[in-house]
Amino acid sequence: MKFTAQQIADILEGEVVGNPDVEVSRLSKIEEGTEGSLTFLANPKYTSYIYSTKASIAIVNKVFDPEVDIETTLIKVDDAYKSFSKLLEYYNQIKNVKTGIESPAFISDSARHGEDVYIGAFSYIGENVNIGSNVKIYPNAYIGDNVVIDDYTVIFSGAKIYSDCIIGKHCVINSGVIIGADGFGYAPTEKGQYNKVPQIGNVIIEDFVEVGAATTIDRATLGSTIIRSGVKLDNQIQIAHNVEIGKNTVIAAQTGVAGSTKIGENCQIGGQVGIVGHITIGSNVKIQAQSGIGRNVKDNEVLQGSPALPYADFNKSYVHFKNLPKIVRNINDLEKSKWE
């Protein structure tokens, strides 16, 4: 699909400087721009590329004033980065416009769906499933019995949503995600064996949640594992049974959250963080990558380390840790001098 500079400027409420009729059909980085592509300049470090890029159109800030003539048509906007992000979102929406039901796909007679849905080939839709309008379910997805998927949600190929789970509006569930598998619940016996504790709860995912590829969210033993509105989960995260994650919290890849832990709103949790079960983490908490959290955390704390320390204390301690060999040598020299 091709767009002219003027069409793009109208979408972004920007001003065209150059040829308003020049067309583009793809996006590019500014240093790799080719004819027929659209790029942007937001970071001053890349300014030199605006004079050499072969991109047909470049989005720039209104304050940008070229030092020499530029062949590339410019679209001037208030904020080039935000405008390009808006354009990416628009482009993605157009690219993913799909409707209809492909064949073969299995859809239970008791399943219901709204208008303008897309159900890809080889998908499985179980008994009593309720799918909203404008939902997209890509090929090879599995939707178990009694699942609810609300409007405008996208389920990508290979995702699996087990029975009784509820997915809100405008969610994105990426490939390889498993929602609603059994929680890790076992009871030891006198013989040293383990009996499985039935996991009869579900997972509730509220609106505007994104779940990265290969992330797993376990169903509750009783009740629900809950992911609140606006949460963003990266790839390869493990969320255990009965966990609750507050609104607008973001969690980076390879983090694991053990059972029944409650995480507050607007938290930022780095990659490879380990969080024990049955604790409460407050709101507005920041946890640095590879930290281990084994205690309750109050609102607004910033933590690092394993076991985690307040961020400032960790940095002070790390300075001493780096100097430890020197400190030991100094102590040994002092001990020797006492005997000389």
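**Close-up views of a predicted model**

**View 1. Surroundings of I293.** Once its neighbours within four places in sequence are set aside, I293 is in contact (heavy atoms within 4.5 Å) with V273, G274, I275, V276, I279, I281, I287, L303 and A308. This is a predicted model, in which local features need pLDDT of at least 70, side-chain atom pairs count only at pLDDT 80 or more, and totals for chains, interfaces and linings use all residues. Residues are numbered from 1 along each chain as its sequence is written, and side-chain values use heavy atoms, with hydrogens and water left out.

**View 2. The nonpolar cores.** A nonpolar core is a set of buried Ala, Val, Leu, Ile, Met, Phe, Trp, Tyr and Cys residues joined through side-chain atoms within 4.5 Å, where buried means under 20% relative accessible area (1.4 Å probe, protein chains only). The largest such core has 49 residues, of which I179, I205, I281 and I293 touch the most other members. Another core, of 16 residues, lies apart from it and includes F3, L12, I59 and V77.

**View 3. Pairing around β21.** Strands are DSSP runs (E, at least two residues) numbered from the N terminus, and two of them pair if DSSP finds at least two bridges between them. Strand β21 (residues 178–181) pairs in the parallel sense with β18 (residues 160–161) over two bridges, and in this pair I161 stands opposite I179. Three bridges also join β21 to the parallel strand β26 (residues 216–218), where T216 is the bridge partner of I178.

**View 4. The open sheet of nine strands.** With parallel pairing, the strands follow the order β10-β13-β16-β19-β24-β27-β30-β33-β36. The edge strands, β10 (112–113) and β36 (280–281), each pair on one side only.

Terms used
Helices (H or I, at least four residues) and strands (E, at least two) are DSSP runs, numbered from the N terminus. Buried means under 20% relative accessible area, exposed over 50%, partly exposed in between (1.4 Å probe, protein chains only).
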